[in-house]
Every structure is written in structure tokens, then in C-alpha cells.
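Me: I want to go through this model label by label. For each label, show me the value and the cut-off behind it.

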Amino acid sequence: MSSSAQAAPMKAVIPNFPIRTQWEHGHGYCGELSIQQTALTCGVWVGQQQARNIGGGEVLLGRPGSNLNNLQKVLQALGFDFVVWDPDSEAGQGIPTSYMRWMKQQIIAGRAAIFGARLQDGEDDAWYDHIMPAYGIYYDSSTAGQYDARDTLTWTDNYGTVANKTMSDESFYAEQYNCEMPQDTYSGCIPLGADTFATAMGGLLDARKLFLPLRLIITGWSNGAEADSEPRVNTNPPASARYRLAFQPGANVRPGNKFAVHRCDRAANGSGGPPANPTDASQLAAAGCRSWDFTMNSSTLPQLSHRALGVLWSNSIVYFVATRQQ
């Protein structure tokens with residue numbers, strides 16, 4: 001791609017993406033936390049262990065539909081939109097340009113690109129050592145549908161650090177055991193000389209656009225843990241969250257508008273949760289969701305919190321969705 005043509009610089013970023021810290025035991029919960037962080041931008045809490053339980057083990061990436069790709073299994077069970085990258089789509093060797101273009105297009109479409117990366121010390125896995133969510137892309141409007149070496153990807157390393165790299169940066173890519181990273185980070189490198197893996201995670205399945213864009217913000221835990229670090233599952237009783245809800249850009253909820261907030265708790269056996277692609281808010285009540293009615297004014301947003309909407313335990317899966325009322 002020639003860099004001579006310059007058009008309007010653009011950016012696509014999943015708004016208010018939370019930067020959180022994964023658990024390190026059990027070979028690490030990087031896939032689970034990547035799901036958790038992205039789910040929070042949709043108003044959903046997914047405990048790391050709960051994601052692993054649904055996946056039947058450590059959450060990993062793989063080919064579309066393969067048993068190795070249980071991250072896909074988790075997203076399907078939770079009712080999220082997703083798209084899986086097929087590593088066989090990449091032709092040739094060197095920089096995986098088709099892969100990078102695919103991640104760019106997924107982020108532009110509003111999905112987080114959860115991808116596999118190499119780490120500095122590396123492991124014996126020939127494909128990747130770490131899983132992270134990319135949630136932003138800075139690009140040129142003239143090359144929105146193409147690979148462009150000038151593009152800059154934004155992601156979090158799942159240890160509290162935000163990373164940005166231009167696709168032309170040679171340090172962005174590495175063969176096994178050869179990744180160089182900034183000190184005290186796990187930002188990783190795109191694999192060279194191996195298959196590439198990623199799954200793009202979108203919002204809840206909602207073909208009728210019934211849900212207003214809503215995000216869930218964790219502000220603290222009852223046991224004193226940092227807001228961005230989920231308490232370990234062996235706490236007894238489990239910790240409860242201090243939390244609040246906020247509308248994402250595009251919700252367009254103005255003073256005087258009426259809306260309902262629905263809370264749907266998923267049970268350990270998989271029951272509960274909102275139905276996929278609901279056509280009417282009454283289906284949420286039929287699914288066992290609780291609802292609260294609000295009229296937007298200066299005092300409404302502070303009410304959208306744990307004080308009014310109930311306890312949220314760390315070891316749970318809870319959906320908050322909002323619908324407009326006439």
C-alpha cells in the first residue's frame with residue numbers, strides 16, 4: 001500500500017473499554033478476562049471462573065468450529081455476536097497482512113478483536129502465548145477496507161497496560177521466543193512463521209436493535225479489592241461489587257425519555273439471561289429478568305447502581321440491558 005495518498009485520518013474505538021487485570025493462577029485467565037472486559041462494554045458481568053466453566057477448561061483460541069476454540073463456545077453460550085478468523089485465509093509468509101486487515105475491519109464494525117500473541121520469554125506453544133483484546137484502530141479513510149502499514153492498533157495486555165503500535169513497526173511481529181516487549185508489560189507480538197488466531201466479539205445478539213447501548217462499570221469490591229481486579233473465587237462468601245450503569249454513545253436518551261433497565265441473572269446450569277434477538281421487552285420478563293422503569297432527568301443516572309439494582313457477586317454472570325419505553 002502506497003503511503004503517498006493521504007485522506008482524512010479516522011479512528012474506530014470501542015468506547016469506554018475497561019482496562020482490567022487477569023488472574024494468573026491456572027495457567028492464566030487471559031481469554032476469560034478478554035471476554036469479561038468486552039462484556040462490560042455491553043452491560044454484562046462475566047466472572048473469569050464462570051467463563052472457564054462454560055468453556056470446559058482454559059479459554060483458548062483456535063480455528064472456526066474446532067474443539068480448541070472454546071472461546072467461541074463461551075461466546076455462543078452467553079449470547080454474544082462473534083466472528084472467528086480462519087488462519088487458512090492467510091496466503092504466503094512474512095507479515096500476516098490479511099490477518100491485520102481482518103482485525104481492523106472487525107474493530108471498525110464495533111467488535112473487539114481477541115487475538116493470540118507471542119510473549120518475550122515465550123512458551124512451548126507453536127502458535128501463541130497470550131490472549132488479549134484489541135479495541136481501537138487509527139487508520140486512513142482511503143484505506144478503510146485494506147491493510148495499511150500506517151494503521152495503529154490499540155489493545156490492552158490484560159495486566160493494566162494499554163498498548164499502541166503501528167503496523168509497520170517491525171517489533172510488532174516476532175517468531176517464537178523472539179518477541180521484545182516494553183519492560184513490565186505483556187503487550188506481546190503478532191506471530192510470524194505460525195498460524196494466527198483471533199475471534200472478534202461484539203454485543204449481545206439483538207437483530208431488532210431493541211437494546212439501548214449500555215455499559216457496566218465496576219467501582220469497587222466489598223472485600224477491598226481494587227475495582228479493576230476481580231476477587232479470587234476462593235473467597236467465602238464471594239465479594240460483591242459496587243457498580244453503576246451508564247449509556248454508551250449512541251443511546252440518545254434525553255431528558256424526559258422513558259426507559260427500562262432489565263437485570264437477567266444466568267444460573268450455573270445455563271438457565272436465565274436474555275433471549276437471543278428478542279422482538280419485544282415482554283420476552284425479557286418471560287425469561288425471568290427483573291425490570292425497573294425510569295424517566296431520564298438529572299437524578300436518574302445515580303440510581304442506576306448496586307443500591308437500586310441489587311447485589312452483583314464476583315462469581316456470577318449478570319446481564320443488564322435497557323429498552324426504550326413509549
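This is a predicted model: local features need pLDDT of at least 70, side-chain atom pairs count only at pLDDT 80 or more; totals for chains, interfaces and linings use all residues.

Me: What makes helix 1 largely enclosed by the rest of the structure?

Reply: Count its residues. Helix 1 spans residues 30-40, and eleven of the eleven are buried, so the helix is largely enclosed. Among the buried residues are Cys30, Glu32, Gln36 and Leu40.

Me: Why is glutamate 32 called buried?

Reply: Its relative accessibility is 0%. The cut-off for buried is under 20%. Glutamate 32 therefore counts as buried.

Me: Why is the contact of arginine 52 with glutamate 32 called a salt bridge?

Reply: The closest N and O atoms are 2.7 Å apart. The rule asks for a side-chain nitrogen of Lys or Arg within 4 Å of a carboxyl oxygen of Asp or Glu. The pair therefore qualifies as a salt bridge.

Me: What does this pair tie together?

Reply: Arginine 52 lies in helix 2 and glutamate 32 in helix 1, so the bridge ties parts that are 20 residues apart in sequence.

Me: Is arginine 52 buried or exposed?

Reply: Arginine 52 has 10% relative accessibility and counts as buried. The limit is under 20%.

Me: How many salt bridges does a search of the whole structure find?

Reply: The search finds nine. One of them joins the side chains of aspartate 88 and arginine 63, at 3.0 Å from N to O. Aspartate 88 lies in the loop between strand 3 (80-84) and helix 4 (97-108), and arginine 63 in the loop between helix 2 and helix 3, so the bridge ties parts 25 residues apart in sequence.

Me: Why is aspartate 88 called exposed, and what is arginine 63 called?

Reply: Aspartate 88 has 55% relative accessibility and counts as exposed. The cut-off for exposed is over 50%. Arginine 63 has a relative accessible area of 26% and is partly exposed. That label covers values between the buried and exposed limits.

Me: Which residues are linked with Arg63 in a network of salt bridges?

Reply: Asp88 and Asp195 are linked with Arg63 in the network.

Me: What makes aspartate 151 and lysine 104 a salt bridge?

Reply: Their side chains meet at 2.8 Å, N to O. The limit is within 4 Å. Aspartate 151 lies in the loop between strand 5 (130-140) and strand 6 (152-156) and lysine 104 in helix 4, so the pair ties parts 47 residues apart in sequence. Aspartate 151 counts as buried at 0% relative accessibility. Lysine 104 is buried too, with a relative accessible area of 0%.

Me: Now the domains. Where do their bounds lie?

Reply: The domain assignment gives domain 1 (9-203) and domain 2 (207-324). Their C-alpha centres lie 26 Å apart. The contact takes 22 residues from domain 1 and 24 residues from domain 2.

Me: How much area do domain 1 and domain 2 bury between them?

Reply: They bury about 2,000 Å², with 51% of it on carbon and sulfur atoms. In domain 1, Arg20, Trp23 and Trp45 lose the most area to domain 2, together 32% of what that side buries.

Me: Which elements give two or more residues to the side of domain 1 that touches domain 2?

Reply: They are helix 1, strand 2 (44-46), helix 2 (48-55) and helix 3 (70-78). Helix 2 gives the most, with four residues. The residues of that side divide into eleven nonpolar, ten polar and one charged.

Me: How do you know that arginine 263 is buried?

Reply: Its relative accessible area is 4%. That falls under the 20% limit. Arginine 263 sits in strand 14 (residues 258-266). Its side chain reaches the backbone oxygen of glycine 310 at 3.3 Å. Leaving aside neighbours within four places in sequence, its contacts include Tyr243, Trp292 and Phe320.

Me: And why is alanine 163 called buried?

Reply: Alanine 163 has a relative accessible area of 10%, and the label needs under 20%, so it is buried. Alanine 163 lies in strand 7 (residues 162-166). Beyond residues up to four places away in sequence, it touches Leu153, Thr154, Trp155 and Ser187.

How values were computed. Residues are numbered from 1 along each chain as its sequence is written. Side-chain values use heavy atoms; hydrogens and water are left out. Buried means under 20% relative accessible area, exposed over 50%, partly exposed in between (1.4 Å probe, protein chains only). Domain bounds come from an automatic or database domain assignment. Contact means heavy atoms within 4.5 Å. Buried area is the accessible area (1.4 Å probe) that two parts lose on being put together, summed over both. Ala, Val, Leu, Ile, Met, Phe, Trp, Tyr, Cys and Pro count as nonpolar, Asp, Glu, Lys and Arg as charged, and the others, Gly among them, as polar. A polar contact is a pair of N or O atoms within 3.5 Å; within protein, one must be able to donate a hydrogen and the other to accept it, and residues adjacent in sequence count only if both atoms are side-chain atoms.
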